[in-house]
Amino acid sequence: MAKRIDMGALNNKNFRYFFWGQCISLMGTWMQSSGQSWLVLSLTNSPMLLSLVPTFQTIPMFLFSLFAGVFIDRYKKRRLLLITQTASMVLAFILSFLVLLGKVQYYQIIILASFLGLINTIDNPTRQTFVRDMVGDENILNAIALNSSVINFARIVGPSVAGLLMGFIGAGFCFLLNGISFIPVIYGIYKIDIDGDPIKTNKSNGILKDTLEGIKYIKSNFELLISILVIGIVSCFLFNFNLIIPIIAKNKLNMDATGYGIFMAVMGIGACTAALFIAMYNKKINIKYLYIIGTIEAILFILLSLTASIILNLLIILFIGAGMVLFSSIANSSVQLMSKEEYKGRVMSIYTLVFIGTTPIGSTLVGKLISVYKIDLALIICSCITLVFVFLLWILYFKHLKK
């Protein structure tokens, strides 16, 4: 008999409100993400300028993530999410109107991406810690896996719909539908009956002192520190999909917007399959899997650079998508479970910094390498850098275990 998926987190009413709202909203998010990458490439035909969009979107996270955790530990998470989701909706509507009116320019996309990055600096770690508040430690991996399945189902549907919309009626409707898709998730958060009460109510220490306390806590926990370093390396040098995939589709394989949508959908299929596997996985997570999966992902990117076959590219991207979700799910849950309750907001903000906020470094590097050496050599260089650093960190971790 086939093993049933553990739906434990969905037994929680509050998580169900959050989950079903995300189901709709994330489809719009992926539509906008895909549409924006293709729009920038169409406006500029420049890999370097395309790489600057995720760079500007993540610079606020890079600058302010350390301090964001203090706010998450001090204020009610439900209220923070209502503010951040509403602000994200407004930005999506602004971009849609600019495109539909034929007024959009590259610098406007950069400005809106920067504001979205500032919002996400608070939104991402708040959502992650709020999920833990709703479902508890016993269901945290299941909840993360279910969220990943939604994200990656949206990765299948969103880019496919975006590709069709861009091909027939233009990118503006991708952004308009994204704005509308925020309404269900805002309503779902409004209906949740817990607030995610602040852990730290004493605000006399000051933001800087509380931030330094969070950093010192991570430095004092070797397994947590080494895990965050591995996560940062892999995400920085490999997980720049919004830059890499459109360039492979358009410049290397000469595909149109629909073909690009197919590529993103195939990655989503691999990712969604992996998320469902994680949802069925009830064993204790071992952080050694971070090193193993990070190594496999780097090798897959090298293989991607060595083939010009569309079929082989699609097959490799399928496995890259699966590896991305396995890596991110294990990373997220292990970091949360290794963290003490009173530090979880600050720890998850630093996790967000290294997982998403290092993208400015990675995307700028990849964009520069692509402009000089083309996409294939750029992927090989970034993959080799990843392999070297993951191997060195594995040695440090192994030595720590032997003590």
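Leu 276 is partly exposed in this predicted model, with a relative accessible area of 35% (buried denotes under 20% relative accessible area, exposed over 50%, and partly exposed the range in between, with a 1.4 Å probe and protein chains only). Leu 276 lies in helix α10, which spans residues 257-280; helices (H or I, at least four residues) and strands (E, at least two) are DSSP runs numbered from the N terminus. From Leu 276 to Gly 170, the C-alpha to C-alpha distance is 33 Å, at a sequence separation of 106 residues.

Residues are numbered from 1 along each chain as its sequence is written, and side-chain values rest on heavy atoms, with hydrogens and water left out. As the model is predicted, local features require pLDDT of at least 70 and side-chain atom pairs count only at pLDDT 80 or more, whereas totals for chains, interfaces and linings use all residues.

Glu 213 belongs to helix α7, residues 207-220, and is partly exposed, at a relative accessible area of 27%. Between Glu 213 and Met 255, which are 42 residues apart along the chain, the C-alpha atoms are separated by 50 Å.

Zero disulfides are present in the structure, a disulfide being a pair of cysteine sulfur atoms within 2.5 Å. For Cys 382, the closest cysteine sulfur is that of Cys 236, at 8.1 Å, which is too far for a bond. Cys 382 is buried, with 2% relative accessible area. The sulfur of Cys 384 has its closest cysteine sulfur in Cys 382, and the separation of 9.5 Å is likewise too far for a bond. Cys 384 is partly exposed, at 35% relative accessibility.
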